[in-house]
Amino acid sequence: MKIQDIIDRDILSEVKFSFSRSGGAGGQNVNKVNTKAELRFNINLSLKLTPEEKAMLLNSPHSSISKDGDLIIVSQESRSQLDNRELCIAKFIKLLVRCTTKQPKRIKTKRSLNSIKERLFEKTKRSIIKSNRKDVDNGFSDD
């Protein structure tokens, strides 16, 4: 899924926002203004996503999916409610694109004969360097 796909299908219309007081720095402003934005998107109830896309989202390793299938994204970086809302939307779109894009299958390749020879040559060279560090018996004894 691409960003234009998300806009064309109007997936953002199924998103719900709630705002609360954010923690951290900000002085008295933190105690008065609800700037923390929380985006909620119910994957199971979505009419805009295909069943395959729903399965990909639910099976994603994203930790903020509740048991009910709610995807929860929180932002409290900014002191502005509007900025935090936009940050939530950006994170949501990025997550949708990443989770619903099919990864190409990896094609196994063999190392070339030349690369194998080069690796063994480097190992031998390193071995010689290390063996030269050892104490050499100089023929004198401490007796």
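A residue is termed buried when its relative accessible area is under 20%, exposed when over 50% and partly exposed in between, with a 1.4 Å probe and protein chains only. The model is predicted, so that local features need pLDDT of at least 70 and side-chain atom pairs count only at pLDDT 80 or more, whereas totals for chains, interfaces and linings use all residues. Residues are numbered from 1 along each chain as its sequence is written, and side-chain values use heavy atoms, with hydrogens and water left out.

Helices (H or I, at least four residues) and strands (E, at least two) are DSSP runs numbered from the N terminus. Strands are taken as paired if DSSP finds at least two bridges between them. Three strands form an open sheet in the order S1-S2-S3, with antiparallel pairing. Strand S1 (16-20) and strand S3 (70-75) are the edge strands; each has a single partner strand, so one side of each lacks a neighbour in the sheet. From one strand to the next, the twist averages 20°, where axes are lines fitted to C-alpha atoms, for helices over the stretch in contact, and angles run from 0 to 180 degrees between N-to-C directions.

Five bridges link S1 and strand S2 (residues 36-42) in the antiparallel sense. Among the bridge partners in S2 are Leu39 for Phe17 and Arg40 for Lys16. S2 and S3 are also antiparallel, over six bridges, and Phe41 has Leu71 as its bridge partner in S3.

Ser75 lies in strand S3 and counts as buried because its relative accessibility is 0%. With contact defined as heavy atoms within 4.5 Å, and residues up to four places away in sequence not counted, Ser75 touches Thr35, Lys36, Ala37, Asn84, Leu87, Cys88 and Lys91. The side chains of Ser75 and Asn84 are joined by a polar contact of 3.4 Å (a pair of N or O atoms within 3.5 Å; within protein, one must be able to donate a hydrogen and the other to accept it, and residues adjacent in sequence count only if both atoms are side-chain atoms).

In helix H3 (residues 51-58), the buried residues are Glu53, Lys54 and Leu57. These residues cover an arc of only 100° around the axis, which puts them on the same side of H3; the arc is that of the directions from the helix axis to the C-beta atoms. The buried residues of H3 pack against helix H4 (81-100).
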